[in-house]
Amino acid sequence: MLRFSSTLLVLTALISPQTAYSADKALGEIRYNETCINCHGPAGKGVASYPKVSGQEISYTTAKLEAYRKGIEQGSNSFLMIPMAKPLTDEEIANLAVYLKDAKYVVE
Amino acid sequence: MKKISSSFLSGALASALIFGVPLAAQADGHEGMDVPKINATIVLKGLENPWDMAFLPDGTMFYTEKCKGLSVRTKDGTVNALYGVKGSSGYAATGDDLFCEAQAGVLGVVPDRHFAKNRILYLYSSSMKYRGDGCKTNFERCDGNIVMRFKVSDDLKSVSDRTDIVTDIQYKPFKSNQPFGDPGAHNGGRLRVGPGGYLWVAGGDRHRGVCPQDPALLCGKVLRIDMDGKAHPDNNPPEGFDKRIYTYGHRNVQGIDFRPSDGKAFTAEHGPWHNDEITALVNGGNAGWDPAQNTGGRGECPDEYCGYEPNQKEGMDPAVRAAYTPMSDTRFKDLMPATWNNNGFSQGTGSAAFLKGSNWGIYEGRLAVGIMGIGFGGTPPGSRIDMISITPDGLGINGITRMPLGFSKRFRGLVMGPDNALYVSVDAGEIYKVTAESMK
């Protein structure tokens, strides 16, 4: 049993290298509220002409943020997103993606 | 020195005792100031981009949701959906020509001053009805915004007798290579009834360089019209201008209100990465925005629009931008100088309302200004409501106090209620009632 578990762990690490960092939803929320909230609104719900960014798969949000970070344009407000994404670390992107996946706006 | 100070303090104490004046009052005068207690509570929530509100004397509140339509909250709290955009559901009626796109949609709302007698309500929206052949490119007039007049039923459950009283406010039909370049950009949209009962319509430049200074186009203008959409007889625009125009040379006015002390109109508008502005309007005046290419020392610009130049998609010193395409260009002899320019920043100044009622204490008569804030290029986001004390001549300010709400949101619509509370819509989906309680 022990041998099987060890093998599984090694395989998992090889298949998904991202597991080296365990994304932190709470840190993602803190980072979101530092800047992203100003356009995308609370909990990524989307406001005015800024799109909803919550409820997406982690892989989707990660890919979008990584592309913006590389300076790749993806829509009419890319000029806003690219400078916002430039300073994001891999960990911050992972945290944001995991937070936004299930983020819900609750009015206080 | 020590002895002198002690003597002075003894003297002050003696004076206070003799004349019965509190020491604190002698020190800075704050003792006599009425700083009100301000509190915000939610009136409605779960809305979709609530944009504007308008009140009847009994507290009935009409409100718009940009991509849905017009609704009313009656004085007992019941909500009736009155008039929706094409494809909306749950509304008593829909306008199949109405639509929303980016910044455009169902925006301003205001009742006629004689509503109690005539049940008339005005509504601003984007519409497909009058486009004709003029919307094939972004460089044509494209009449895509209208002002409608309705009759509201006695039971507040429906509207009827729609009459389109303004049908030729321009609209941006296609995406362009500009910041916020989607269709429907800079769409203005605030409606208010001013002194004498005339209707004021605040417009935007719809990302077209020639709009604000053009004599015939209504984009980038503030209109003053009657209930049929005809020009106020005293409007005084320059020779050759459309007589409905009260002021021109605007970028994107989403705030307009009238100072209670003298009825003077003030606008609030977004700046282009620099200088949000409050402006005291002068009949026939020029707000000084001219984003046209090949003028004002500029050459050609992307999409013939210099509004974000000289570097439209990267952060740079707002003062450099302001020098290139100023919000208030001093080369215009009829310029209305800005009352306030947000310290050179552009943070999304949207709506504005003068605070009325003695319950607002030292803030009574100040202009409350909703600021949305996006924090681009080093500008602090600053989502807030400012309370601005404006000088009597309207050409400057005495000071600004941030409204102590305890939270920050994108404050889209501000309007005073009949209860002397400030009602505020936020893009996240709520309408707040902000009360002020005098401490006297």
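Which does Ala428(B) count as, buried or exposed? Select it: Ala428(B) counts as buried, because it has 22 C-beta neighbours inside 10 Å. The cut-offs behind that word: a residue is buried with 20 or more other C-beta atoms within 10 Å of its own, exposed with 12 or fewer, and partly exposed in between, with C-beta atoms placed from the backbone.

Before moving on, some housekeeping. This is a predicted model, in which local features need pLDDT of at least 70 and side-chain atom pairs count only at pLDDT 80 or more, while totals for chains, interfaces and linings use all residues. Residues are numbered from 1 along each chain as its sequence is written, and chains are lettered from A and ligands numbered from 1 in the order in which they are written.

**Stay at Ala428(B)**

Ala428(B) sits in the loop between strand E25 (422-426) and strand E26 (431-437) of chain B. Helices (H or I, at least four residues) and strands (E, at least two) are DSSP runs, numbered from the N terminus. Now show the contacts of Ala428(B), leaving aside neighbours within four places in sequence: Gly41(A), Pro42(A), Lys45(A), Val47(A) and Tyr105(A) from chain A, plus Lys409(B) and Arg410(B). Contact here means C-beta atoms, placed from the backbone, within 7 Å. Zoom out to the whole contact between the chains, and you have 22 residues from chain B and 16 residues from chain A. The chain B side splits into eight nonpolar, seven polar and seven charged residues. For those classes, Ala, Val, Leu, Ile, Met, Phe, Trp, Tyr, Cys and Pro count as nonpolar, Asp, Glu, Lys and Arg as charged, and the others, Gly among them, as polar.

**Hop over to chain A**

The chain A average is 85, and 81% of the residues score at least 70. Residues 1-19 of chain A are below 50, and beyond near neighbours in sequence this stretch has three contacts in the model. Switch to cartoon and you get five helices and zero strands. Of the 108 residues in chain A, 34% are buried.

Next, select helix H3 (residues 58-69) of chain A. Pick out Thr61(A), Leu65(A) and Tyr68(A), the buried residues of H3(A). Look down the axis: they fall within an arc of 60°, so they line one face of the helix. That arc is taken from the directions from the helix axis to the C-beta atoms. Their cover includes helix H4 (78-85) and helix H5 (90-102) of chain A. After H3(A) comes Gly71(A), with a positive phi near 90°.

Most residues other than glycine have a negative phi, and most peptide bonds are trans. Which way does the Glu309(B) to Pro310(B) bond go, cis or trans? It is cis, with omega near 10°. Pro310(B) is in the loop between strand E18 (277-280) and helix H4 (318-324) of chain B.

Select Asn49(B), in the loop between strands E1 (37-44) and E2 (50-55) of chain B. Asn49(B) has a positive phi of about 50° and, with 24 C-beta neighbours inside 10 Å, counts as buried. Finish at Ala102(B), whose phi is also positive, near 50°. With 19 C-beta neighbours inside 10 Å, Ala102(B) counts as partly exposed.

Notes: Two residues are in contact if their C-beta atoms, placed from the backbone, lie within 7 Å. pLDDT is the predictor's confidence in each residue, from 0 to 100.
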